[in-house]
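Please look over the sequence and the structure shown below before reading on. The briefing that follows takes up a strand pair, a nonpolar core and a set of salt bridges.

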Amino acid sequence: MSDDVPVTAAPEGVRRGEEEAADPAGRPADPAGRPADRPWTALWVTALALPPLALLAAASWFGRWVRPGADDWCFLPRVRDDGISGLVGQFYLDDNGRVANALLVGAYAKFQVAGHQWYPLISGILVLAVLWAVAVLALRRAGLRTPRGMPLLLAAMTTALFLFVTPNTYKTFYWPAASVSHTLPPVLACAALIPLLLARTRRGRALAITVAVLMAAFLATLSEETAIVVVMVLLAALIVSGRVVPAADRGFVRLWCVGGIAGTAAGALVLITSPGSTHRRERFGAETTSLLASDSLAASLRAFAEITVTVVTTWQYVGGVAAGVLLGLLCRRADGTTPRPPAHWPLLTYAGLVTLLVSGYLCTVIAYPVFGDRVSDRSANRLWNDYLLLYVILLVGAGALLGLAVRRYAQRTAPAKAVCAALCVLVCVGPAIALTDLDAAMRSRAEKWDAQDRRLREGEAAGERVMPYERLVISQMLEPFSKGGEQYWPGGCVADLYRLDRVTDGARGR
């Protein structure tokens, strides 16, 4: 936990290359002799946040072309006819037991198509706001001063990498059902850190523990994969707390971790014992025996290895390291001295890496019975998001350690700053191009979807009971009559939405 890791002060005997100078106004300066708080630094750091923020703004604007597909076809008529409570009952009794998931799905499905169009904007703002708040508070708790725009840069870069540097941005950001299940949950887990970082009094600490318990229980009935990541992170924090957390805060931090684990266990109990979860396990053969079978574990390991190769070779993630390096190069302690890396940084590094690998593998294990070998396909990348945010955050942390090391041993840090600034801009180019192409595809589908929507509604109003439906596929989303027209699902849900008895394959009709 970065906010509780002590940052050692510079020794009284100033090291070579780290002499503290002062400008005429008496302000502290960096090793190069330039004032550390000069407005120019804050200006260019803030400017670096503009490219990832522009990505988020453009992607949110493109959300107006989102139209329902896949599972959305089934959620819309259920919420329209039975309300959000009807969807919660369906999830708990029949589908999967994820009652918190049903609440969030019902929240946007209540507004039908408009809910799908507004979802990218709202979720994007939520992701950025949570990460921004966590960055500000974590730096404050660590006793570090940075240029004004640094927390925003860290949050914006993390948001852009998490949402848009993926093999399938549509399923990560635009498809609300996938976002609710795999994109938002890790962000909500980060939101539980805010009360922890703000806690100063006994009442504040009690509130932080209460929020941890409730949020963990909520996440357990929202996303099984994120619940696994949360438990692994909390266990790792418990293990290293004896070495890295100050004695005065150690008891509180451990109690907070235990509360989160207990909340997760309580939520998992509600989920596992639900009739819907039992039905889902039986439907996909995902009982405990099959999950722990040697062939399933081996196949999951191969799939996770393929996912790891895909993620590690995606060069744009270097943007997280670059932002972290800039943090390490520009941060200072409150007294103006240069911070050193945490005393136990090797332990923190190993703990973060092991936590990421173990949680990622376990997420693959529980997803494998349902998705099979497709779990490592780029079309299923939404399943990786539960631990992908942890990966990006760890990259930022590794970059910060690297920046502190460069600052300690290099005579001049200007070249490193220039390279990192360039990388922060360059990593946004590829996603910008991909978003532009996706916008064109979404616009084309929206026009066809709206035309077909009018045709089906007019036909139902005229008394038609069976009408043709033409598949409108985008980003490998499921549509009725896939597999050459053999698979009807979700055709029945399409018929329910338009109050028809059945829809037929429009392609065959032509």
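The model is a predicted one, in which local features need pLDDT of at least 70 and side-chain atom pairs count only at pLDDT 80 or more, while totals for chains, interfaces and linings use all residues. Residues are numbered from 1 along each chain as its sequence is written, and side-chain values use heavy atoms, with hydrogens and water left out.

**Strand pairing**

- In a regular strand the side chains alternate between the two faces of the sheet.
- Strand β3 runs parallel to strand β4 (residues 502–505), and 4 bridges join the two; strands are taken as paired if DSSP finds at least two bridges between them.

**Nonpolar core**

- The largest nonpolar core holds 144 residues, of which Phe164, Tyr170, Tyr174 and Tyr317 touch the most other members; helix α6 (residues 150–164) supplies the largest share of this core, with 12 residues.
- Such a core is a set of buried Ala, Val, Leu, Ile, Met, Phe, Trp, Tyr and Cys residues joined through side-chain atoms within 4.5 Å, where buried means under 20% relative accessible area, exposed over 50% and partly exposed in between (1.4 Å probe, protein chains only).
- Leaving aside neighbours within four places in sequence, Tyr174 is in contact (heavy atoms within 4.5 Å) with residues including Ala59, Phe62, Val66, Pro120, Leu435 and Met442.

**Salt bridges**

- There are 10 salt bridges, each defined as a side-chain nitrogen of Lys or Arg within 4 Å of a carboxyl oxygen of Asp or Glu.
- Arg67 forms a salt bridge with Asp450, the closest N and O atoms being 2.9 Å apart; this pair links distant parts of the chain, since Arg67 sits in the loop between α2 (50–62) and α3 (72–95) and Asp450 in helix α20 (residues 429–461), 383 residues apart.
- Arg67 is buried, at 6% relative accessible area, whereas Asp450 is partly exposed at 25%.
- Within helix α20, Asp453 and Arg457 lie 4 residues apart, about one turn of the helix, and their side chains meet in a salt bridge (3.1 Å, N to O).
- Asp453 is buried, at 13%, while Arg457 is partly exposed at 41%.
- Arg80, Asp81 and Arg499 are linked in a network of salt bridges.
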